[in-house]
Amino acid sequence: MPQQPLFVGDPALIVIDIQRGISMPPDIAGITHMPGWQERVQRAEQLVAAARQAQVPVVFFQEVHRRSGVDFGRELDGAEGPHCVEGEESTELWPTLRPAPGEAHIVKRRYSGFIGTDFEILLRGLGVSTLVLIGVYTDVCVHYTFADAHQRDYYVRVVEDCVGGSNQARHDAALEAMEYLQAGARRTTTQILDAFARLAAERSPAPAETLI
């Protein structure tokens, strides 16, 4: 199957659930996570800054559940414990990865960013066609958001060195599953940074002519 260009139409950067729990042990965060979160946060900071420079919309997701647990549904039937509970420190967005004024912040109760939110309405309003996904967890919220975007006919790219899974094996399997859905979906931070830099150059105003 032919690989699509990196961006088809206009892109948006989707920051999925980069919350304080990634730095906490599983008995506090409620979910296990693979090593390397510090490096992934640094890459996410670079990507967000580059997107803003290129005038690419940035959308921040935050998973939050009511303290009563009424909106967990089937999320606790598997390996996960209670997680992302409102009011807990682990639920807060990472301090350096929060929406700037005018950027979208969407709270979700399910893994997919499309379920029970206005995400699709927002994307239509922004007029974007390609979604660039970063964040956690590769095998859960990133994967489900990817699949739902794919089924809605968006082009989706997952930045494979800027997502982290609940463990390495699940991370690897989820990346393979996403690549199966869209050839060329797996991209690197360097590739996306370079593409954002090109967009920034194209979108920057031309220098005013100097009269002699």
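Q: Start with arginine 152: buried, exposed or partly exposed?
A: Arginine 152 is partly exposed, at 32% relative accessible area. Buried means under 20%, exposed over 50%, and partly exposed is in between, with a 1.4 Å probe and protein chains only.

Q: What sort of model is this, and how is it numbered?
A: The model is predicted, so local features need pLDDT of at least 70 and side-chain atom pairs pLDDT 80 or more, while totals for chains, interfaces and linings use all residues. Residues are numbered from 1 along each chain as its sequence is written, and side-chain values use heavy atoms, leaving out hydrogens and water.

Q: Back to arginine 152. Which side chain does it meet in a salt bridge?
A: That of glutamate 120, at 3.1 Å from N to O. This pair links distant parts of the chain, 32 residues apart: arginine 152 is in the loop between α4 and β5 (155-164), and glutamate 120 is in helix α3. A salt bridge here is a side-chain nitrogen of Lys or Arg within 4 Å of a carboxyl oxygen of Asp or Glu. Helices (H or I, at least four residues) and strands (E, at least two) are DSSP runs, numbered from the N terminus.

Q: What else forms a salt bridge with glutamate 120?
A: Arginine 124 does, with the closest N and O atoms 3.5 Å apart. Arginine 124 is exposed at 61%, whereas glutamate 120 is partly exposed at 23%.

Q: How many salt bridges by that rule?
A: The count is 15. One of them joins glutamate 103 to arginine 52, with the closest N and O atoms 2.8 Å apart. Glutamate 103 lies in the loop between β2 and β3 and arginine 52 in helix α2 (residues 37-53), so the pair ties together parts 51 residues apart in sequence.

Q: Which residues are linked in a network?
A: Arg20, Glu89, Glu92 and Arg98, through salt bridges.

Q: Switching to the backbone. Where is the cis peptide bond?
A: It runs from valine 136 to tyrosine 137, with omega near -15°. Tyrosine 137 sits in the loop between β4 (130-136) and α4 (138-151).

Q: What is the phi of aspartate 17?
A: Positive, about 55°, although aspartate 17 is not a glycine. Aspartate 17 is buried, at 5% relative accessible area.
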